[in-house]
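Biologist: I am new to this structure and would like to learn how to read it. Please take me through it one feature at a time.

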Amino acid sequence: MDTMRERFATTVSGILDTDPRTAVVLADIGVAGFDEARTAHPDRVINVGIREQLLLGLGGGLALAGLRPIVHTFASFLIDRAFEQIKLDFGHQDTGGVLVSANASYDWPAGGVTHMSPGDVALLDTLDGWTQHVPGHPDEAETLLRRAVAAGNDKVYVRLSAQTNAEPRPVTGGGFLRVREGRRGVVVAVGPMLDNALEAVAGLDVTVLYATTVRPFDGAGLRSAVGAGPADVVLVEPYVAGTSTAAANDALGHMPHRVLGLGVPRKELRRYGSLDEHVTGVGLDPRSLRQRVTAFLN
């Protein structure tokens, strides 16, 4: 199976062939995946080098010129390092574009904290009007990428990860997908957390919702899943723990409820092992999730 990043390159290269409104902006990272596209469309595949603020500034300028920019690099460089340019060159200028990240929270542990971005979704949450997609499989990533590019002048963030679920799920129109039914609580699993969450709650009488679009938050879908209440809700997110707890609380403000946010702790891990070791280290492996979920529900 190809990776999400590989699917991104092939999908967007095809879009460049058919949609003259699109342009790809890169900052050295991912350039090799667009070698053929750059030969075919040298004016619409642009590499700015290791200058991430320019990456976003150029993307915003292309949007002002009427193009649909697709801007790509690692999440730590795209969101964290160039946040001011996102705020000004897209938000303040009221332009749209598609930001596509790679490496997610800790997908390349050997790169250290400089190459990790567990706070990217929460950081974009401070800005208005951003749709945020978190696919859990390359097939889902392709569908969401195509929708993002076709989304008029909208501001869209697509968060790609080396972590994937074994099988793709149907991509809904932005709402949560109900994967299984239960009566003792609701677990919302985001993107690549679905398989671990399902293994963690095996045998438990809980509903599992799957989210590949996290902003806008599907409050109506959550209310439908919990019913009349009171409600116990667990959020399993592959980024900073608690990123969506406020959204869940807002959605359930009319009823008694409890929300447990599971994700990446704010404490920095300073020993960089493998990706699987980081999953366990931050408590997002099935065993750790089961302990936290059962303790909460009991």
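Biologist: Let us begin with a single residue. Is Q163 buried or exposed?

Modeller: This is a predicted model, so every value here is computed from predicted coordinates. The cut-off for buried is under 20% relative accessible area. Q163 has a relative accessible area of 11%, so Q163 is buried.

Biologist: Where is Q163 found, and which residues is Q163 in contact with?

Modeller: Q163 is in the loop between β6 (155-159) and β7. Setting aside neighbours within four places in sequence, the contacts of Q163 are M4, Y106, D107, P192, M193, L275 and V279.

Biologist: How many residues separate L269 from E167 in sequence, and how far apart are they in space?

Modeller: L269 and E167 are 102 residues apart in sequence, and their C-alpha atoms are 30 Å apart in space.

Biologist: Now the sheets. How do strands of a sheet pair?

Modeller: Strands of a sheet pair through backbone hydrogen bonds, and the pairing is either parallel or antiparallel. Here, an open sheet of 5 strands has mixed pairing and the order β7-β9-β8-β11-β12. β7 (177-180) and β12 (257-264) each have a single partner strand, so they stand at the edges with one side left without a neighbour in the sheet. From one strand to the next, the twist averages 25°.

Biologist: Which strands in that order run parallel, and which antiparallel?

Modeller: Take them in turn. β7 and strand β9 (residues 207-211) run antiparallel, joined by 3 bridges; R178 has L209 in β9 as its bridge partner. β8 and β9 pair in the parallel sense over 5 bridges. β8 and β11 also run parallel, with 4 bridges. V187 has a bridge partner in each neighbour: V208 in β9 and V234 in β11. Finally, 7 bridges join β11 to β12, again parallel, and V233 stands opposite V259 in β12.

Biologist: How do I read the two faces of a strand?

Modeller: In a regular strand the side chains alternate between the two faces of the sheet. Strand β8 (residues 186-190) has V186, V188 and V190 on one side, with V187 and A189 on the other, and all of these are buried. As for β11, 9 of its 10 residues are buried, so β11 is largely enclosed by the rest of the structure.

Biologist: What lies across β11 and β12?

Modeller: Helix α12 (residues 286-297) lies across β11 (231-240) and β12, and runs at about 165° to β12.

Biologist: What is the strand order in the sheet of 7 strands?

Modeller: The order is β2-β1-β3-β4-β6-β5-β10, in an open sheet with mixed pairing. β2 (45-47) and β10 (213-215) are at the edges, each with a single partner strand, so one side of each has no neighbour in the sheet. Strand β3 (residues 68-74) and strand β4 (residues 97-102) run parallel, joined by 5 bridges, and T73 stands opposite S101 in β4. Helix α5 lies across β3, β4, β5 (130-133) and β6, at about 155° to β4.

Biologist: How does α5 pack against α3?

Modeller: Helix α3 (residues 52-64) and helix α5 (residues 83-92) pack at an angle of about 10°, with their axes 9 Å apart. That makes α3 roughly parallel to α5. Q53, L56, G57, G59 and G60 in α3 meet Q85, I86, D89 and F90 in α5. By class, this contact has 3 nonpolar, 5 polar and 1 charged residues.

Biologist: Which residues touch the most other members of the largest nonpolar core?

Modeller: That core has 41 residues, and L56, L99, Y157, V188, L222 and V233 touch the most other members. Its largest share, 4 residues, comes from β11. A second, separate core of 28 residues includes A189, V236, V282 and L297.

Definitions and conventions. Residues numbered from 1 in each chain as written. Predicted model: local features only at pLDDT ≥ 70, side-chain atom pairs only at ≥ 80, totals over all residues. Heavy atoms only, no water. Axes fitted to C-alpha atoms, helices over the stretch in contact; angles between N-to-C directions. Helix = DSSP H or I, 4+ residues; strand = E, 2+ residues; numbered from the N terminus. Parallel < 35°, antiparallel > 145°, perpendicular 65-115°, else oblique. Contact = heavy atoms within 4.5 Å. Nonpolar A, V, L, I, M, F, W, Y, C, P; charged D, E, K, R; others polar. Pairing = 2+ DSSP bridges. Core = buried A, V, L, I, M, F, W, Y, C linked by side-chain atoms within 4.5 Å. Buried < 20%, exposed > 50% of the residue type's maximum accessible area, 1.4 Å probe, protein only.
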